[in-house]
Amino acid sequence: MFQVVINGKQYEVNEDLTILQVLHSLGIQVPTLCHDNRLKPIGGCRLCVVNINGFSRPATSCNTKIADGMVIETHSQDLEKHRKVLLRLLSDSYVSTGSGNKEFDRLLKEYEISASSSQTENSPLVDDSHPYISVNMSKCVTCFRCVRICEEIQGQFIWKAVNRGYRTKIVPDLGMTLKESECVSCGACADTCPTGALEDKTVLQFGAATEWTKTTCPYCGTGCEMLVGKKDDRIVKIKPDLNSPVNKGHLCVKGRYSFDFVYAKDRVTEPMIRTAGKWKTVSWGEVIAFVSDSLTKIVAKYGPDSVGVLGSSRGTNEENYLAQKFARIVLGTNNIDCCARVCHAPTATAMKETLGTGAATNSFDDIENAGTIAICGANPTENHPVVGARIKQAVLNGANLIVIDPRKIELAKYSKFHLQLKPGTNVPLLNALACAIVEEGLVDQIFISQRVDGFESYKKFILSWTPERVSKICGVDPVLIKKAAIIYATVKPSMFFHGLGMTEHTQGTESIMCLVNLGLITGNIGKIGSGVNPLRGQNNVQGSAHMGCEPHNLTGYVPIEKAYDLFKQVWGSDLPRGEGLNMLQMMDSAKNNKLKALWAIGYDIFLTNSNASFTKKAIQSLELLIVQDLFLNKTAGELGHVFLPAASSFEKEGTFMNSERRVQRVRKVIDPVGHSKSDWEIVCLVAKAMGKESCFDYKSSKEIWEEVRKVWKAGSGITYDRIEKNGLQWPCPAEDHPGTQILHVESFPIGSKAFVKTIEFNETKEITSSEYPFLLVTGRTLFHFNAGTMTMRSANVNLLDNDYLDISPQDAALLGLRNKEKVKIVSKYGHAVLPVRIHDSVKKGELFTTFHMPDNFVNFVTGPYRDNLASTPEYKITAVKIEKLS
């Protein structure tokens, strides 16, 4: 600790802090303009200067380190005069917002300085092109915070300073409008702007927020924490939580701006029953009676296993816990699943079998500690943008990056090696990387001897998968394979991130086992900056399955037989022991007239399942389809019998679980719109109507969570009180446990050693032919999310208005196609019509499209094949042809 004197008082302060940080910790405020805690201090505005004994001139406190014995003065007459002069100079060209809500306005008021208030509406300094961000550079004081936050946090380099001195101005790249630029609309520039030169349009439209609530983002599995501002019970602004360990004061376009779906005109807020082909609005009492009576009759007639329930990855942990409890003790079936089935079920299956835990081994904070980062079948800057930005910054700061992906994703241009493999050849490529590591003698012998079983037999197997052999299968230069393998094995710690490009294949589960193999043989498991880490797709897809929305496992992903007695004791009820069906098996069962009823909570299975024609026929065979959602989605609109209006995550309490195993609070910001209800409330109403009131008599989400803690030993130390400020990562088995950032540090849940798997390559049956010469890959994009349920009801449509079919320039020229020309893509299973986008991100013979726009219905094109262990559909490979429409 240092001893210092500040304004005549002596203090004991922490070392390794700047003077400004010390002042803030003591509650002493000095003005700043160029400073933002998220950015490297530059001392540019010089408002934060302080006098220090022994210094010849005032020093900028933001970038001057505290030292032992310093004597500091912060508000002398000369300092205050200096600040007033600087502020007056800055105010000469500044047009005040008049609101007084901006940092600069408050400083002008504090120092009694008047600013100009005149500006013409058609000023060339005004850019109104962007749907979310208003640009008015007459308010700019060239503090450079927008430039720096775009570079240092997002890594996009959009804002540029041109000219010098008093002629300096800030413009988007290439001098375009903000919308025309390469801006990713993260809003960090508007968030940091101290003057209103960059401002969220919602604030200009509705006014500044008067009340703020901390909650967790409802989009991807990153789990960004954010502050939601409301005025008159309407959400008007969202900003990042500056103290979140997950997003560290950053958000993406979806989390920050795409909240208008809450107020969409087509949101359904009243229960409905379809009668004679038409929807009829009914009361909650009527619809609960109808649902409970219908389910009771179907169970009585056909048996408990004639009904299935699907939990929601958009719902809270508490709601998914109740969904599986309902299926098991009200209906008496293990037919319970969630959308983890169609994304990361292979990850959970593979990692549980190989390592003992089906979840990420490490944390996002390991990104900054990794020597090498390998991204496999994921596109983080678009699908997990905050994680993508952190990876980009790590690479810009010296980390090595390996990208394994058929497309040239944004991060490929930052990579040391891009292994642009043929879709569907993940297993041989990963085997080749392992082969090269073994051949080069780069395995971690100490780690293997202490922590790995089966290496000698694995070594004999893997040496046959030479890079030269694999090159002919996957189309990657064997020299690149070897170089990437050497970097991964030697510039450690090395960290894998993977996504649906790994899992949504017929060998998805086995592909993840290959990743685990690489981690094990190089000793990149159980250490800082290492591991195998899935980037989970939806906000609570990790939590929904982990809470028990899975046919073979109960809460905590524990097999039913292993946890049967504990759950029977806590629930006070017997559980079914029979084999449950996963979601794809439910579709098979419905098609075979065995499954008779399905309750789909927050899950548009018709739109999002592959091979939509089959899904439609299966659902049409049901006697009862209950859909619980915010909107009349494709499943409900075309096939549903009952609609239950659900509350959004902004309208309820609970928790989410992110990709790094962190349980975080979800808090109610506004009242539920109309007569919508939380998912857990709806489940309880039906359960009570079916005679299970004593098992579903909950008064709050907290009460449900307390029961979760009783049955989930690894999470029993996580309480609402403990995660009030920030979330905790499981395992957290006791209330004095700090949570677990890194798994498998000393051992594995399956024992002291993990077993390396020998994985043979089994080529998919989905192959190209003369009739279907192209391979189609489907995925997501930055501006939209999954089925478009939320983002398509926001101004994000002004940033990207459609799904596009990406095609290489060579193939486009061969077929005579033009940008935005609509074409029909046809497979053996169906077709879709999409506009073309000619792009060099895809190779010749390969295509890519997203599936966000319901009217395009891309999943009529995708096929029937599934992962051989987890049943996940093969969304990433479909053989297609392209037909011109004219």
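A crossing is left-handed if the near helix is turned anticlockwise from the far one by less than a right angle, and right-handed if clockwise. Helix α13 passes helix α19 in a left-handed crossing. The contact (heavy atoms within 4.5 Å) involves N426, V427, L430, N431, L433, A434, I437 and V438 of α13, and E510, S511, C514, L515, L518 and I521 of α19.

This is a predicted model: local features need pLDDT of at least 70, side-chain atom pairs count only at pLDDT 80 or more, and totals for chains, interfaces and linings use all residues. Residues are numbered from 1 along each chain as its sequence is written, and side-chain values use heavy atoms, leaving out hydrogens and water.

S511 lies in α19. This serine is buried, with a relative accessible area of 2%; buried means under 20% (1.4 Å probe, protein chains only). Leaving aside residues up to four places away in sequence, S511 touches N426, V427, L430 and M502.

Strand β19 covers residues 400–404. Five of its five residues are buried, so β19 is largely enclosed by the rest of the structure. N400, I402 and I404 lie on one side, L401 and V403 on the other.

Helices (H or I, at least four residues) and strands (E, at least two) are DSSP runs, numbered from the N terminus. Two strands pair if DSSP finds at least two bridges between them.

| Strand paired with β19 | Sense | Bridges |
|---|---|---|
| β18 (residues 372–376) | parallel | five bridges |
| β20 (residues 417–419) | parallel | three bridges |

I375 has V403 of β19 as its bridge partner. I402 stands opposite F417 in β20.

Definitions and conventions:
Buried means under 20% relative accessible area, exposed over 50%, partly exposed in between (1.4 Å probe, protein chains only).
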